[in-house]
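Here are my notes for a first look at this one. Keep the viewer open while you read, and go point by point.

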Amino acid sequence: MRLEAIDRPSALRLIGFPVAALALTVVLGSSLAMLAGANPFQTLGLILRGAAGSKFALLETLNRATPLVFTGLAVAVAFRARLWNIGAEAQLYAGALMAVLLGTGWLGWPPGFLLPAMAGAAMLAGALVLLAPAILKTRFGVDEVVTTLLFNFIMLLFISMLLEGPLKDPMGMGWPQSSRLIPDARLPRIVEGLRLHWGFAFALIAAAVVWALQSRTTLGYEMRAVGQNRQAAEFAGIPVDRVILKTALLSGGLAALAGFSEVAGLRGNLTLDLSPGFGYTGIIVAMLALLNPIGVVVSAIFVAGVFVGADSMSRAAGVPTYIANIMLATALLTMVLAISLTRYRVRWD
Amino acid sequence: MPPREQAQGPVLRLDGITKRFGRLVANDAISLSLHGGEVIALLGENGAGKTTLMNILFGHYTADSGSVELFGQALPQGNPRAALAAGVGMVHQHFTLADNLSVLDNLVLGTQPLWGARLDMAGARAKLARLAQDFGLAVDPDARVGTLSVGERQRVEILKALYRDARILILDEPTAVLTPQQADALFAALRKMVAQGLSIIFISHKLHEVMAIASRVVVLRHGKLMGEVAVTDTDPRALAEMMVGDSISPPEVRAMTPGPALLELRAVSTPDRGNVRGLHRVDLSLRAGTITGLAGVSGNGQAGLADLIAGTERPSGGEIRLHGTVHAHWSVTKALRAGIARIPEDRHKTGTIADFTLTENAILERYRDAPFARRGWMDWRAARAFAESVIRSYDVRCPGPETRIRLLSGGNMQKLILGRVMETGPQIILANQPVRGLDIGAITFVQGQLLAARDRGAAVLLISEDLDEIQTLSDVIHVISEGRLSPPFARGSMSAGDLGRWMVGEGYARENMAGGQDAA
């Protein structure tokens, strides 16, 4: 058995295989729901309704997609340059931390200045968190998969320490949570009365900016060249190490915006359950999007829809929520397979 | 078609082998036969289908139609073990030895049963000694393969095949890594094998070697069998025409008066880096209107010198002078600013980015500069216009500038690289193996471009392992051996044999005693 590359895949291949992958995911997910004792057709309907069946559900999905767009972009940008950033989770918390530090009354600026300052500080913190592993990589060849992954635990424990200590909300009745942001430090809702906040709009803008950066600027060209063929990039005079460091700054900054937008747009304070693994899910989002920044928006909404839909389904049908996780994992595997099948033909000989 | 032997049948018979890859017919109904004690040469350009044919014989590919018969028995297709078990041994161009094991271990590797309780090393050692004796292939059985020279490794590869009782030996471009003298020694060993009844298929595109070793020549072109002749009935010229399908004339080289030195290296050394051997106090001067050829067995410092001039390696000692000025802090950017055109050895790994389009590849060295970029923003329209002009002027055959370069043939890829570096009319040109793996049409084109650049006054450094190429094109030849550079030899002043002696390191000692390499 071997794979044969297809020069120009037909439209049938391009659309058929991903659709088949989705169908397979749904079948597998529903049969799991059946095992858990629910009617599979009913569960499917519940998932769809829960994810997009009402204005409320749809906005909830978009809200959930917002941090995933940011972390997905962070991962996509880094992976494109072959910087394996597994630490978007840590960068996200670094961003959230800065939002809380600046936004709980310490800085009394009007919102037009305060929010940009919080976002800027968040990006800076996230960038620095990823810069350290990137320097270790370029200078000493330390594997960034290990360092960025371990940074996640360091950061989470550090936040935990702060929430039990100096950042602990004196009015929090002993819970490990920070004080709440002042009203001027909150991201407003896009439409009054609905839960969707401006973070989602900023995520879309970020995707457009990243897209323009990658396809229209010299830095984007360098990042892609370094990722595709480091040796050729070096030969052409591209400063490979510097490009990796710049990529790290950008990627870390984007991941941190997820933390900023969650705190300032949704939660209003910092807790240890701020992110149910948005940093890791960002990897899935980026891979599903084939690292394309515009694709990240689509796949983030899809992934968020599966989560939100499965959540609501599990409440309605009384099956465990981890079916959502299984469906996501299945979606990722089948999608990756489907995407390679659009480009390659399997020959059995 | 092959003459039938009455007494005994052929030891190997390929009958009507056809293999298609998509639309490409790599082998088109090819039949050939090989008899006991015979050497046949398989002659053809790169891409003619020689390797495909041998891969089918070895079961790496399955033929779409046709059959293989070994010693009168049909060979099952698609089973790599079958050919080995039947007594066919292959020596690949790129050796398949374990560097960290001894010669003996390499021979034994894979021949012993996986779950056997003990290894019969004494028996293996005796067998190796006998083979080495019989065929004049002396090698130390306990030497680590990693410490052996290329010629010795090749001997180990041949011994490995013989150790497995090969009766048919296939050699894929065996002389590519050898000096002329080492090639002669190899031929002597091959003759001994043939005298003992072994049969040999000798794959090559070097005509004089084919004439020297083979009794019959089978010529392939574009996957088709062009003919089969006895060497006594033909001459290199006729073979070349058969191989290329056209009469070929060697490139015309006009006499030129050398101009001033544009790039000089003075006592430059570079560190060893893994497989890349560093340079040892190299003096080199590339002059305007001159092609300087660098001959040598691969792995003797060619890559180190190329890296240095390309800017990817810095000297650890000595100085680089460009147009008379010394350059400290040497880098790729410096080399590019100085207008050095660089044609890298490996166009797939170093020269291009496979998944980038032709446009993106065309500006790879100048992506930061106007008109391709302004203040950090790319101007893709300008880039595409440049790519289109390169595609037109250098006859790059491609669907268009937005095609990913991985879809191009090696020749067209090389033309794009050539166009990329030559469009600016460079004064200094580094051409590292510029025609390796190309077909005759592309070779003629690339060599013609280098000669044209020389004629307009550029200084060209031509690095090649093909001595014929070096001798045809170069005004001045240096030989490199173990990181040391010979003095320059003028065109025609040295025979291939003379250069061969420098390649194996003779001559340098005398030179050093005569007061350093500056003497030349």
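**Notes on a predicted model**

1. Start at Ala354(B), which sits in the loop between α11 and α12 of chain B. Bear in mind that what you are looking at is a predicted model. Ala354(B) counts as partly exposed because it has 16 other C-beta atoms within 10 Å, and a residue needs 20 or more to be called buried. Setting aside neighbours within four places in sequence, Ala354(B) is in contact with Asn229(A), His348(B), Ile405(B) and Arg406(B). For a sense of scale, pick Leu131(B) as well: 223 residues separate it from Ala354(B) in sequence, and the two C-alpha atoms are 45 Å apart.

2. Next, the domains of chain B. The assignment gives domain 1 (12-244), domain 2 (261-339 + 426-519) and domain 3 (354-418). Between the centres of domain 1 and domain 3 of chain B, taken over C-alpha atoms, there are 40 Å.

3. Now for the contact between the chains. How many residues does each chain bring to it? Chain A gives 16 residues and chain B gives 24. On the chain B side, α10 (332-337), α11 (347-351) and β18 each supply at least two residues. Sorted by class, that side has 13 nonpolar, seven polar and four charged residues.

4. Over in chain A, have a look at helix α8 (residues 218-228). Eight of its eleven residues are buried, so the helix is largely enclosed by the rest of the structure. The buried ones are Gly220(A), Tyr221(A), Glu222(A), Met223(A), Arg224(A), Ala225(A), Val226(A) and Gly227(A). What covers them? The cover includes α3 (55-80), α7 (198-216), α9 (230-235) and α10 (240-267) of chain A, along with β18 (377-378) of chain B.

5. The largest nonpolar core has 255 residues, and those with the most contacts inside it are Leu73(A), Met118(A) and Ala122(A). In soluble globular proteins, nonpolar side chains tend to be buried together. Take Ala122(A) as one case: leaving out residues up to four places away in sequence, Ala122(A) touches Gly95(A), Met98(A), Ala99(A), Ala256(A), Leu257(A), Gly259(A) and Phe260(A).

6. With 16 residues, α15(B) reaches 22 Å from its first C-alpha to its last, close to the 22 Å expected at 1.5 Å a residue. Its buried residues are Ala442(B), Ile443(B), Val446(B), Gln447(B), Leu450(B), Ala453(B) and Arg454(B). They cover an arc of only 125° around the axis, so they lie on the same side of α15(B). Gly448(B), Ala452(B) and Asp455(B) are exposed on the other side. The buried residues pack against β13 (290-295), α14 (410-422), β19, β20 (459-463) and α16 (467-473) of chain B. Just after the helix, Gly457(B) has a positive phi of about 105°.

7. Last, some backbone spots to check. Phi is near 50°, a positive value in a residue other than glycine, at His323(B) and also at Gln433(B). His323(B) is in the loop between β14 (317-322) and β15 (325-327), and Gln433(B) is in the loop between β19 (428-432) and α15 (440-455). Buried or partly exposed? His323(B) is partly exposed, with 14 C-beta neighbours inside 10 Å, whereas Gln433(B) is buried, with 21 other C-beta atoms within 10 Å. Also check the peptide bond from Ala370(B) to Pro371(B), which is cis with omega near 5°.

Conventions. Residues numbered from 1 in each chain as written. Chains lettered and ligands numbered in written order. Predicted model: local features only at pLDDT ≥ 70, side-chain atom pairs only at ≥ 80, totals over all residues. Buried ≥ 20, exposed ≤ 12 C-beta atoms within 10 Å, placed from the backbone. Helix = DSSP H or I, 4+ residues; strand = E, 2+ residues; numbered from the N terminus. Contact = placed C-beta atoms within 7 Å. Nonpolar A, V, L, I, M, F, W, Y, C, P; charged D, E, K, R; others polar. Core = buried A, V, L, I, M, F, W, Y, C linked by C-beta atoms within 7 Å. Domains from an automatic or database assignment. Expected span 1.5 Å × (residues − 1). Arc of directions from axis to C-beta.
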